[in-house]
Amino acid sequence: EKGGYDHFMLKEIYEQPNAIVDTYRGRMLVDKGIIRMAGVDDNIEKFTNAKRIIIVACGTSWHAGLVAEYIFEDIARIPVEVEYASEFRYRNPIINKNDVVIAISQSGETADTMAAIKLAKEKGAFVFGVCNVVGSSISRETHAGAYTHAGPEIGVASTKAFTTQITVLSLIALKLAKAKGEINNADFHYHLQELDLIPGKIKKALEANDHIKEVAKKYMNAANFLYLGRGFNFPVALEGALKLKEISYIHAEGYPAAEMKHGPIALIDEKMPVVVIATKKGHYEKVVSNIQEIKSREGRIIGIVTEGDEDVRSMANYVIEVPDTIEAFTPLLTTIPLQLLSYHIAVMLNKNVDQPRNLAKSVTVE
Ligand code: F6R
C-alpha cells in the first residue's frame, strides 16, 4: 500500500506531480484558455463583488492560505486576510456582507476551522471550502467549494495536500483576475501554460533527492534550524520549518528574510543551519545580501535556488536547485526540497515519520 516507498510521506511527496494534474484536470483547459470550476462559476458575482477575501485555516493549510494571499493580491487585486481559524473564531471578527470567506482544510474535519465557518455564516458571509476529503464535514458546511483531488493523504505531515491547495487557489485567483479584467488574455494564457508545466518541473525537483539526503546527513544533529524566504516564498519558509519540527522534533523557525535583522540574527553562529529560499525572482538581490549577513556570522547556508544559479552557490554550504517558473508558482517547486529535507532528517534520526508523537491526522477537538 506504500507503493514500494518506505513511508506514506515519501510516497505522497512523489505523488505530487500526478496529484497536481488531478487537481487541474478538467478545470484548466490550456488550449481554450479557460478555467472551469463549478463552485466558483455558480457564484462568480459573490467573488467579483467581494471587497476582500478572508481565508481561515490551521497549520499547513494556513500556510497555503498565506501563499494564496500573495497570489490573489498580485494577480486578482483583491485584498486578502489570512487568519488562524482558532484566533478568528474567538475574536468577534468584523465580517461584512460582501466578504467572501475561504476555508482551507485537507481533512475537512478540523474543529477550529469548522467553528470559524459557522461564525462566518452566521454573520452573513459567503463561505467557500477548499477540502481534500470528499464529503467531509467542512465540505458539507460551506456554501460552495472546490476539492483538491489529491487522493488520500495518510502521512500526518501534510505534503501533497499543501501543493494541491495552492494549485486550486491559483486557479481561483486566475479565474477572478480574468472575470475582473485584472489580467490580459496573453498573460492569462501564459499563466495557464506555466501551471501546466509545474508537474514536470516538480519531477525535476524530485531528482535532487540523493543530494538532499547528503544535506540531511550533514545537519541531522543540529539543535535548531532557521528557514528564510521573502514574498511568495515567505510562507514556504514557515511550512519548511513546520515540516521539520513535526517529524524530526528539531526546533525550527521560519521568518521573512528581511526580519532576520530585527532579532533572529542574534541566534546565528556556526552551529545554525539556515535554509534560505533564494530563487531568481522578485527579491533575489535582497535575499543574496541576507545570505551574506548569515555567512559573515558563520551560519551554515542551505540555498534553495533556481537552476544554474551562481551567486548563492558561491556563498552557500549547499545549494538545492529547482526549475525556473513564474514567481507566483515558485512555492510549488521550492516546497519540494524542504519536504524531502525534513523527511530524510526524520528517517536518519529514527523518528516515526508517518505518525509523529502527539499529532493526529485530523484535529477534531479544539
Ligand atoms: C501539518 C499538518 C497540520 C494540519 C492542520 C490542519 O503537516 O498536518 O498542521 O495542516 O492540522 O489540518 P486540515 O488541513 O485537515 O484542516
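I count a polar contact as a pair of N or O atoms within 3.5 Å; within protein, one must be able to donate a hydrogen and the other to accept it, and residues adjacent in sequence count only if both atoms are side-chain atoms.

I note that the model is predicted, with local features needing pLDDT of at least 70 and side-chain atom pairs pLDDT 80 or more, while totals for chains, interfaces and linings use all residues. Residues are numbered from 1 along each chain as its sequence is written, and side-chain values use heavy atoms, with hydrogens and water left out.

I looked up the oxygen atoms of the ligand. One is 2.7 Å from a polar backbone atom of Gln106. Ser107 brings a polar side-chain atom to 2.6 Å from a ligand oxygen. For Ser158, a polar backbone atom is 2.9 Å from an oxygen of the ligand. On its own the ligand has 410 Å² of accessible area, and the protein covers 89% of this (Shrake-Rupley method, 1.4 Å probe).

**Shell.** I found 14 residues around the ligand, and Ser61, Ser105, Ser107, Thr110 and Glu246 come nearest (a residue is near if one of its heavy atoms lies within 4 Å). Helix 5 and helix 12 (234-248) each supply at least two shell residues. Helix 5 gives the most, with three. Helices are DSSP runs of H or I, at least four residues, and strands are runs of E, at least two, numbered from the N terminus.

**Around helix 5.** I traced strand 3, helix 5 (residues 59-76) and strand 4 as a right-handed β-α-β unit (clockwise from the first strand over the helix to the second, strands pointing away from the viewer). Strand 3 (residues 53-57) and strand 4 (residues 80-84) run parallel, joined by five bridges (pairing takes at least two DSSP bridges). Ile54 stands opposite Glu81 in strand 4.
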